[in-house]
Amino acid sequence: MSDSGASRDGFSSKAGFIMACIGSAVGMGNIWRFPIMVSIWGGMTFLIPYFICVFLVSQTGVIGEMALGRSAAAGPMGAFGMATERRFGKRAIGEAIGLIPVLGSLALAIGYSCVVGWIIKYFFLAYSGHLSSLGQDMDQIGGLFGGTAVTMGNNVWLVIALIFNFLIMALGVAGGIEKANKFMMPALFFMFVGLGIYIATLPGAISGYHYIFTIDPKRLTDPLLWIFAFGQAFFSLSVAGNGTVIYGSYLSKKEDVVSSGRIVAVFDTLAALLAACVIIPSMAAGGADLSKGGPGLMFIWLVNVFNGMPGGRIICMVFFTCVLFAGISSLINLYEAPVATLQEKLRFKRLPAVITIGVIGVVVAIAIQGIVSDWMDFVSNYICPTGAFLAALMFFWFCGKDFVMEQVTMGSKRKIGPWFVPLGKYVYCFLCILALVAGIRLGGIG
């Protein structure tokens, strides 16, 4: 039971749960970071280690966090408290530790809010025709983004983005989050496929596809390649001890978390590949430098490329609609852990909890607009890997093998193999530590 002792809201179906989890995983990492990682590291040269890392993380961390949340029917604080109570007979220490991923989720959500504020502005400008009116004047395109991503530079759009986000959350898990993701995720995939088909018809796009499927066997021996591939898989799959745990807590015990985790990994990877197959050939068709990455890729270079295409205004509209759906679905997940914590620990009802976190999110996000890049780097480099490691420690080490196997196989038609616990206990925990160390040493891999 949850700490509140009251009946909890939850997903009404496995499909709704999976769509919400896919929505939490499919975000900016898929759309602007994954394509640039594929580009920088040489197409298939990056994809091979990435697929291996996705397999390892999805088979351990994703399933483990889902099962941990479901077993406690609570967010990180309640779930961690349950784990330490099982191991040491003391719940308070686990709940205190569980505050780390909750605060990490809130901090990441606040930084992400600024990015979603940029997206909703560009979404509007794409539909109004303002972006297409800039043509391929890089001074104007760059100046538009430069005036947006600065201190107090995007207040109105940021507030609009968060009002939209929290209205969905206020409707509840089944009535808001589930319904929104059931619409946004299929629409996102449908539109990305359409974009991919159109881009494939453009002159010069073929060189982008050729690049994606190029492999350099010698580079596969570079340890940095594997570190970056794991970092991308780690953050793309949204394992940080918060979002997947809280979504798992809303899942019925009759549902199969093993198959759910695998489905989420497949569709998250598919979304990333679709984004790469849209963005890299687009850049190739436009003659742009494929090594351009970060926010500038989406808000500067791609706008320039789209404006040079036949039907570029429509392409820009569809693209930023996809990006908006990806951003909002991830933002909802990030804010859900702190909202649920207020409900569980302080007995807030849903609406007051959403409003409280919403006010905090709006005020702090407005204040950090000028330092959002450093803010996001700090959270993703330190807090997220720490949260993932703590969740793995609680589940795989503190809960005990029998409990872990019982919770993971509950509702499953097929029993998971005996490899699951040692793989999670040793390999996945080591990878979490590696992600934290690499983030510190390399200045960020997520």
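Is R91 buried, exposed or partly exposed? At 26% relative accessibility, R91 is partly exposed, because its value falls between the 20% and 50% cut-offs. Keep in mind as you read that this is a predicted model.

**Salt bridges around R91**

- One partner of R91 is E85, and their side chains come together in a salt bridge with N and O 3.2 Å apart.
- E85 has a relative accessible area of 40%, so this residue is partly exposed.
- R91 also forms a salt bridge with E95, where the closest N and O atoms are 3.0 Å apart.
- E95 counts as buried because its relative accessibility is 15%, and buried means under 20%.
- E95 has a salt bridge with K345 as well, again described by an N to O distance, here 3.0 Å.
- K345, at 27% relative accessibility, is partly exposed.
- Through shared partners, the salt bridges join E85, R91, E95 and K345 into one network.

**Helix 8 against helix 16**

- A handy idea for this topic and the next is that two packed helices are described by the angle between their axes and the distance between the axes.
- Helix 8 (residues 155-170) packs with helix 16 (residues 350-367) at an angle of about 160°, and their axes are 10 Å apart.
- Helix 8 is therefore roughly antiparallel to helix 16, as angles over 145 degrees count that way.
- The crossing of helix 8 and helix 16 is right-handed.
- On the helix 8 side, the contact is made by N155, L158, V159, L162, F166, M169 and A170.
- On the helix 16 side, these meet R350, L351, V354, I357, G358, G361, V362, A365 and I366.
- Sorted by class, this contact has 12 nonpolar, 3 polar and 1 charged residues.

**A closer look at G361**

- G361 sits in helix 16, and with a relative accessible area of 0% this glycine is buried.
- Leaving aside residues up to four places away in sequence, G361 touches I110, L162 and Y335.
- G361 and C114 are 247 residues apart in sequence, yet their C-alpha atoms are 9.9 Å apart in space.

**Helix 5 against helix 7**

- Helix 5 and helix 7 pass each other in a right-handed crossing.
- W118, K121, Y122 and L125 come from helix 5, and they meet I141, L144, F145 and T148 of helix 7.
- By class, the contact of these two helices has 6 nonpolar, 1 polar and 1 charged residues.

**Residues with a positive phi**

- A73 is not a glycine, but its phi is positive, near 50°.
- A73 lies in the loop between helix 3 (44-72) and helix 4 (76-88), and its 16% relative accessibility makes it buried.
- R347 is another residue other than glycine with a positive phi, about 65°.
- R347 is in the loop between helix 15 and helix 16, and R347 is exposed, with a relative accessible area of 52%.
- G411, which follows helix 18, has a positive phi near 85°.

- In sequence, F183 and M19 are 164 residues apart, while in space their C-alpha atoms are 9.0 Å apart.

Definitions and conventions: Residues numbered from 1 in each chain as written. Predicted model: local features only at pLDDT ≥ 70, side-chain atom pairs only at ≥ 80, totals over all residues. Heavy atoms only, no water. Salt bridge = Lys/Arg side-chain N within 4 Å of Asp/Glu carboxyl O. Buried < 20%, exposed > 50% of the residue type's maximum accessible area, 1.4 Å probe, protein only. Axes fitted to C-alpha atoms, helices over the stretch in contact; angles between N-to-C directions. Helix = DSSP H or I, 4+ residues; strand = E, 2+ residues; numbered from the N terminus. Parallel < 35°, antiparallel > 145°, perpendicular 65-115°, else oblique. Left-handed = near helix turned anticlockwise from the far one by under 90°. Contact = heavy atoms within 4.5 Å. Nonpolar A, V, L, I, M, F, W, Y, C, P; charged D, E, K, R; others polar.
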